[in-house]
Amino acid sequence: MASIELDRITKRFKDTVVLDDVSLSVEDGETLALFGPSGAGKTILLRLLAGVIEPDAGRVLIGGHDMADVAPEHRRIGMAFQNFALFPHMSAFENIASPLKARRTAGAALSEGVDKIARLLKIDHVLTHSPRALSNGQKQRTALARALAGEPDVLLLDDPLRNVDAKLRFEMRLELPQVLARQQATAIYVTQDYKEAMALGDRIAVLSGGRIVQVGKPEDIYLTPADVETAQLFGDPTINLLDVTPELDDRGPFVCLSDRRMPLDPGLRHAVGRKCRIGMRAEAIRFVGPDDPGAIAVTVEAETPLNEKAVTLTVTKRGREILVSRPSETQGPSDTATHIAIDTAHALLFDRDSGQR
Ligand code: ADP
C-alpha cells in the first residue's frame, strides 16, 4: 500500500496545457474516482503516475517517494484500460501471470497467485482461453485480474467498464469496491459516469480542462457541485438552469420565477443583485394542483422513462424548458396544461459569467 501525491503538476504538449498546476492526494488504501468530461486530462494524469510520460513541472510522489528517477517498471503500479489491452497471443492465464513473472514468481506460487485472483474475479473457468475466445465482460475481468495480480501498491483504472454492457457494469459497480478493499491497493478510478464515480470513489476529484475543479465525498459533489459544468455532468437528467437575479426583501433573499417570489437559502444573501443561474435538480420540482401557493402553470411537452424508478417530463413555461422527475408508480398529470411547484430552498446559485458557485 502507498499514498499518492501529485504536487503542482503541469503538462504541456507544444503550446497546449493539458494539466495545469494539478495537486491531488490519495490516501493509503483509498479509492479516488477521477471524474471529468472527455479531454479533461484524466488519462494524461494516469500516464504521468505510471511514469510513461514526464511532467513539465511538479512532482509525483508514491508512498512519500519522489518518482522523478523511478522507471515505470519499478513503480509497483497495476493498470487496466477501457480497451482491455490484453496480450492477444497469450491465454487468460498467461496474461494474468505476466506481472507475477515480472516479479520472478514461478512454479506453484505462480499458479496459486493466478488462481487466487481469477477466483476473486470469477474467471477461473476461462483461464485457458485466448482473449479472442472471451466475452467483453471476461476480457475486462481478465484485464482487472492482470492489474491486481502483481499485488501493486497503486492501481490505475482507466474507465475499465466503458466497453462492457449495462448489466455487467452494474454488477461490477457492486463487486469492485469489495475487490479493491480486499487487495488494499490505493486506486485511482477514471470514469465519465457519475454513478460509477459515486459507487466506487471514497472521494471524487473533478477534473475539467486540465484543472482540478473540486474534490470531495460523492454526496458533496452531487449536492454542492462547484460549477455549472460539474452540476450538469453530475446527475441524470441534467440539472435545470434558469437565469435569475436574486433580490432582497424583509423576509430574506429570493428570486422571481414566473412572477412568484421563491425564497432562497439565507446564506445566499451575497448573490443579491448579481446575474446568476439557478440550478435545480429535477427531483426538487413537483406537480401540484392549481391552488397550491407556489403553483406555476406549465405545459407538458414530453415524457421519457429515466430508469426503472422514475420518469422525466419536459415541461415548458414561456418557451423555457424545465425537467421534472416523478416516481414511475405515481400518476403523471392528466392534462398537458398543468402546474409545478419549485423548491428553491435547496437550489444552487452560480455566477452567470464565471459559472462558479
Ligand atoms: P481524458 O482522458 O480526460 O479524456 P486525455 O488525458 O486523454 O483526456 O487528454 C487531455 C488532452 O490532452 C486532450 O485535449 C488531448 O487531445 C491532449 N493530448 C493527449 N495526448 C496528447 C499528445 N500525445 N499530444 C498532444 N495532445 C495530447
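The chat below goes through a predicted model of a protein with a ligand.

Trainee: What does the secondary structure come to?

Mentor: The protein has eight helices and 21 strands. Keep in mind that this is a predicted model.

Trainee: And what box do the C-alpha atoms fill?

Mentor: Along the principal axes, the C-alpha atoms take up a box of roughly 80 × 45 × 35 Å.

Trainee: What share of the residues is buried?

Mentor: Of the 357 residues in the protein, 48% are buried.

Trainee: On to the ligand. Which residues surround it?

Mentor: The shell consists of Phe13, Val18, Pro37, Ser38, Gly39, Ala40, Gly41, Lys42, Thr43 and Ile44. By class, that shell splits into five nonpolar residues, four polar and one charged.

Trainee: Which element gives the most to that shell?

Mentor: Helix 1, residues 42-50, with three residues.

Trainee: What is an oxygen atom of the ligand 2.7 Å from?

Mentor: A polar backbone atom of Gly39.

Trainee: How much of the ligand's accessible area does the protein cover?

Mentor: The protein covers 56% of it, where the ligand on its own has 570 Å².

Trainee: Back to helix 1. Is Leu46 buried or exposed?

Mentor: Leu46, which is found in helix 1, has a relative accessible area of 1%, so it is buried. The cut-off for buried is under 20%.

Trainee: How far is Leu46 from Val164?

Mentor: C-alpha to C-alpha, Leu46 and Val164 are 21 Å apart in space, and 118 residues apart in sequence.

Trainee: New topic, aromatics. How many pairs are there?

Mentor: The count comes to two aromatic pairs. One of them joins Phe35 and Phe234, with an edge-to-face arrangement, 4.9 Å centre to centre and 80 degrees between the planes.

Trainee: Which parts does that pair tie together?

Mentor: Phe35 belongs to strand 3 (residues 31-35) and Phe234 to the loop between helix 8 (228-233) and strand 11 (240-244), so the pair links parts that are 199 residues apart in sequence.

Trainee: Are Phe35 and Phe234 buried or exposed?

Mentor: Phe35 and Phe234 are both buried. Together with Tyr194, Phe35 and Phe234 make up one aromatic cluster.

Trainee: What about charges? Which ring does Arg146 lie over?

Mentor: Arg146 lies over the face of Phe87, at 4.8 Å from the ring centre. There is also Arg281, which lies over the face of Tyr222 at 4.2 Å from the ring centre.

Trainee: Now the backbone. What is noted about the phi of Ser258?

Mentor: Ser258 has a positive phi of about 55 degrees, although it is not a glycine. Most residues other than glycine have a negative phi.

Trainee: Where is Ser258 placed?

Mentor: Ser258 sits in the loop between strand 13 and strand 14 (260-263). Asp259 lies in the loop between strand 13 and strand 14 too, and Asp259 has a positive phi of about 65 degrees without being a glycine.

Trainee: Are those residues buried or exposed?

Mentor: Ser258 has a relative accessible area of 19%, so it counts as buried, the cut-off being under 20%. Asp259 is at 68% relative accessibility, so it counts as exposed, the cut-off there being over 50%.

Trainee: Which residue do we have in strand 13 itself?

Mentor: Gly252 lies in strand 13, which spans residues 252-257. Gly252 has 6% relative accessibility and therefore counts as buried.

Trainee: How far apart are the C-alpha atoms of Gly252 and Ile239?

Mentor: They are separated by 25 Å, with Gly252 and Ile239 13 residues apart along the chain.

Trainee: Last one. Where does Leu61 lie?

Mentor: Leu61 lies in strand 4, residues 57-62. With a relative accessible area of 9%, Leu61 is buried. The C-alpha atoms of Leu61 and Ser25 are separated by 9.3 Å, and these residues are 36 apart along the chain.

Terms used: Residues numbered from 1 in each chain as written. Predicted model: local features only at pLDDT ≥ 70, side-chain atom pairs only at ≥ 80, totals over all residues. Heavy atoms only, no water. Near = heavy atom within 4 Å. Polar contact = N/O pair within 3.5 Å; in protein donor to acceptor, adjacent residues only side chain to side chain. Areas by Shrake-Rupley, 256 points an atom, 1.4 Å probe, with all protein chains shown as cover. Helix = DSSP H or I, 4+ residues; strand = E, 2+ residues; numbered from the N terminus. Nonpolar A, V, L, I, M, F, W, Y, C, P; charged D, E, K, R; others polar. Phe/Tyr/Trp six-rings, centres within 6.5 Å; stacked < 30°, edge-to-face > 60°. Buried < 20%, exposed > 50% of the residue type's maximum accessible area, 1.4 Å probe, protein only. Lys NZ or Arg CZ within 6 Å of the ring centre and 35° of its normal.
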